[in-house]
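The sequence and structure come first.

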Amino acid sequence: VRRKDSLRKNARMVDRISSRRRSENMRRIKSKGTKPELVVRKIVHRMGYRYRLHSPYLPGKPDLVFRGRGKIVEVRGCFWHQHRGCPESHIPRSRTRYWLPKLARNGERDKKNFRLLRALGWRVLVVWECETGNDGSLSRKLEKFLGS
Ligand SMILES: [Zn+2]
């Protein structure tokens with residue numbers, strides 16, 4: 001009985017993830033104004049910080065740029081940017097040949113942009129999509145980064 005229950009639970013989780021993935025597929029890789037990004041923007045705005053969105057003058061057009069503070073917040077989707085160890089980053093087994101190179105390219109681009117931004121003197125905080133479900137801990141993380 002226990003095994004059956006856990007199987008059912010797994011099936012539910014897979015359903016949940018794949019439906020989320022499907023809607024994600026319809027968005028662009030570097031999507032602007034996605035729900036996780038809006039969550040971060042709302043929190044940061046509430047804290048009273050001002051920022052610039054998707055600055056075209058910086059490598060990778062980072063999501064939130066706090067120029068005066070020399071800080072950047074990047075919001076990343078767990079699947080598209082392969083959040084390590086995160087259940088949402090699971091690659092569908094049926095189309096690995098399609099996904100693997102695509103996701104690898106994203107990862108390389110992320111790394112390259114991160115390095116460039118650091119080399120230009122920016123401090124960068126990455127917020128993962130799965131972290132945007134908890135307002136309290138996300139607020140603390142953002143405050144710690146922006147306030148320091
Ligand atoms: Zn994640």
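## Overall fold

The chain contains four helices and four strands, and the model is a predicted one. Read from the N terminus, the order of elements is α-α-β-β-β-α-β-α.

Of the 148 residues, 39% count as buried. Taking contacts between residues at least 6 apart in sequence, 57% join residues at least 24 apart.

## Helix α2

Helix α2 has twelve residues, which at 1.5 Å a residue should span 16 Å; the end C-alpha atoms lie 17 Å apart, in agreement. Pro36, Glu37, Val39, Val40, Ile43 and Val44 are its buried residues. Viewed down the axis of α2, these fall within an arc of 155°, so they line one face of the helix. An α-helix has 3.6 residues a turn, so residues three or four places apart point the same way.

The other side of α2 carries Lys35, Lys42 and Arg46, which are exposed. The partners of the buried residues of α2 are β1 (52-53), β2, β3, β4 and α4. Just after the helix, Gly48 adopts a positive phi of about 95°.

## Helix α3

With 24 residues, α3 should span 34 Å at 1.5 Å a residue, and its end C-alpha atoms are 34 Å apart, which agrees. Its buried residues are Trp99, Leu103, Asn106, Asp110, Asn113 and Leu117.

## Helix α4

Helix α4 covers residues 135-147; at 1.5 Å a residue its 13 residues should span 18 Å, and the 17 Å between its end C-alpha atoms agrees with this. Leu138, Ser139, Leu142, Phe145 and Leu146 are buried in α4.

The buried residues of α4 pack against α2 (35-46), β2 (64-66), β3 (71-76) and β4 (123-128). At the start of α4, a side-chain oxygen of Asn134 comes to within 3.1 Å of the backbone nitrogen of Gly136.

## Zinc site

Which atoms coordinate the zinc ion? They are the SG atoms of Cys78, Cys86 and Cys130 together with ND1 of His83, at 2.1 to 2.4 Å. Along the chain, the donors follow the spacing C-x4-H-x2-C-x43-C.

What is the geometry of the site of the zinc ion? The angles among the four donor atoms are 100 to 115°, and the site is tetrahedral. Ideal angles at a metal are 109.5 degrees for four tetrahedral donors.

His83 sits in the loop between β3 and α3 (96-119). Is His83 buried or exposed? The relative accessible area of His83 is 16%; because buried means under 20%, His83 counts as buried. Cys78 and Cys86 are also buried.

Leaving out residues up to four places away in sequence, His83 touches Cys78, Ser89, Trp128 and Cys130. Of these contacts, Cys78 and Cys130 are also among the residues that coordinate the zinc ion.

Note on methods:
Residues numbered from 1 in each chain as written. Predicted model: local features only at pLDDT ≥ 70, side-chain atom pairs only at ≥ 80, totals over all residues. Heavy atoms only, no water. Helix = DSSP H or I, 4+ residues; strand = E, 2+ residues; numbered from the N terminus. Expected span 1.5 Å × (residues − 1). Buried < 20%, exposed > 50% of the residue type's maximum accessible area, 1.4 Å probe, protein only. Contact = heavy atoms within 4.5 Å. Polar contact = N/O pair within 3.5 Å; in protein donor to acceptor, adjacent residues only side chain to side chain. Donors = N, O, S within 2.8 Å, 3.2 Å for Na, K, Ca; no water. Tetrahedral: all angles 85-135°; square planar, octahedral: opposite > 155°, others 65-115°. Arc of directions from axis to C-beta.
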